[in-house]
Amino acid sequence: MQIDFTGRTALVTGSTMGIGLATAEAFARAGARTVLNGRDEQRLKAAAEAIRERVPAADLVTVAADVTTPEGARTLLEAVPAVDVLVNNTGIFASTPVLEIDDSEWRRFFDVNVLSGVRLARQYMPGMMARGFGRVVFVSSETAVDTPLDMVHYGVTKTALLAVAAGLAKAAAGTGVTVNSVLPGPTHTEGIEEYITALIPDAATFDQAQRQFIAEYRPTSLLQRLIRPSEVADLIVFTSSAQASATTGAALKVEGGTLRSLVP
Ligand SMILES: NC(=O)c1ccc[n+]([C@@H]2O[C@H](COP(=O)([O-])OP(=O)(O)OC[C@H]3O[C@@H](n4cnc5c(N)ncnc54)[C@H](OP(=O)(O)O)[C@@H]3O)[C@@H](O)[C@H]2O)c1
């Protein structure tokens, strides 16, 4: 299968690091004009340079904007009025006992993890539908279907994204636009490295810590290791490709087999 995004524009929100950066790199490698986004110009510049080192022909645009605000969404729209692919990747997580999460924290998680992507879909989907092609991908999480005790607010926002993607897919029925969600499991990013190191401070190496983390906290994992950001990126790129035209309204797992349901 030759996945080719030549002539297409892909926007990946929150792409200065982690899964977003790996996804932006994968789109650039596949020939897309790739829009990188984050809040900080310097981090964006460093991310673009990192991609260009590995993909010298990369066609990159960087837009500094906080996509969790209406102003940030507008800044993006002014800089990039139309996209063929929208990957709503920006998201935050935190470990807090559920009875200690106050109203403002619940709202913050909803604003950042859910509303930001809904707003961008509202902004870009009508153009996609008018042009007869488009792909919207929401980066959810395995926690969408297996709520973690220490991250109930996070899990709830990721569950919400499954419904958002399914609903938007219905709104785009018959237009050539697909909307899906992707459910990664624990992925080796800087944030997860900090989280695991704090949970398992006595391990001799990080490799030992991550294996212990999987054994203790994700015992059903078939992969038995952290997922690589590029493994998530590749599923997102496939889901966004012309070849994935019959996949819409779906929740696609890339969680190393942790979730043991026979259907997603
Ligand atoms: N890592 C995992 O194990 C894992 C597992 C399942 C699902 N996920 C999901 O995957 C997505 C990416 O996770 P990650 O771990 O790769 O994240 P990360 O490493 O923490 O990176 C987050 C990205 O989002 C950007 N960002 C944060 N707030 C932003 C804002 N207000 N506006 C624009 N950009 C913003 C950051 O850029 P700046 O700081 O430069 O602005 C950064 O590029 C999230 O939705 C997360 O919930 C992650």
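Mentor: Start with helix H6 (residues 190–199) and helix H7 (residues 206–217), which pack at an angle of about 80 degrees with their axes 10 Å apart. This is a predicted model, in which local features need pLDDT of at least 70 and side-chain atom pairs count only at pLDDT 80 or more, while totals for chains, interfaces and linings use all residues. Residues are numbered from 1 along each chain as its sequence is written, and side-chain values use heavy atoms, with hydrogens and water left out.

Trainee: Why are H6 and H7 called roughly perpendicular?

Mentor: Angles of 65 to 115 degrees count as roughly perpendicular, under 35 as roughly parallel, over 145 as roughly antiparallel, and the rest as oblique. The angle between H6 and H7 is about 80 degrees, and they are therefore roughly perpendicular to each other. Their contact (heavy atoms within 4.5 Å) is made by Glu-193, Tyr-195, Ile-196, Thr-197 and Leu-199 of H6 and Phe-206, Ala-209, Gln-210, Phe-213 and Tyr-217 of H7.

Trainee: What makes H4 roughly parallel to H5?

Mentor: The axes of helix H4 (residues 103–131) and helix H5 (residues 152–171) cross at roughly 15 degrees and come within 9 Å. That angle makes H4 roughly parallel to H5. The contact includes Trp-106, Phe-109 and Phe-110 of H4 and Tyr-154, Leu-161 and Leu-168 of H5. By class it has 16 nonpolar, three polar and two charged residues. Here Ala, Val, Leu, Ile, Met, Phe, Trp, Tyr, Cys and Pro count as nonpolar, Asp, Glu, Lys and Arg as charged, and the others, Gly among them, as polar.

Trainee: Why are H1 and H8 called oblique to each other?

Mentor: Their axes come within 8 Å and cross at roughly 55 degrees. H1 and H8 are therefore oblique to each other. H1 passes H8 in a right-handed crossing (the near helix is turned clockwise from the far one by less than a right angle). The contact is made by residues including Ile-19, Ala-22 and Phe-27 of H1 and Val-232, Ala-233 and Ile-236 of H8. By class, the contact of H1 with H8 has nine nonpolar, three polar and one charged residues.

Trainee: How do you know that the buried residues of H8 line one face of the helix?

Mentor: In helix H8 (residues 229–239), Pro-229, Val-232, Ala-233, Ile-236, Val-237 and Thr-239 are buried (under 20% relative accessible area, with exposed over 50% and partly exposed in between, for a 1.4 Å probe and protein chains only). Seen down the axis of H8, its buried residues fall within an arc of 160 degrees, so they line one face. They pack against helix H1 (18–29), strand E4 (85–88), strand E5 (134–139), strand E6 (177–184) and strand E7 (251–254).

Trainee: Why does Ala-215 count as exposed?

Mentor: Ala-215 lies in helix H7. Its relative accessibility is 52%, and it therefore counts as exposed.

Trainee: What makes Gln-224 exposed?

Mentor: Gln-224 counts as exposed because its relative accessibility is 52%. Gln-224 lies in the loop between H7 and H8. Its phi is near 60 degrees, a positive value in a residue other than glycine.

Trainee: Why is Ala-64 called partly exposed?

Mentor: Ala-64 lies in strand E3 (residues 59–64). At 25% relative accessibility, Ala-64 counts as partly exposed. Leaving aside neighbours within four places in sequence, Ala-64 is in contact with Gly-38, Arg-39, Glu-41, Leu-44 and Thr-75.

Notes. Axes are lines fitted to C-alpha atoms, for helices over the stretch in contact, and angles run from 0 to 180 degrees between N-to-C directions. Helices (H or I, at least four residues) and strands (E, at least two) are DSSP runs, numbered from the N terminus. The arc is that of the directions from the helix axis to the C-beta atoms.
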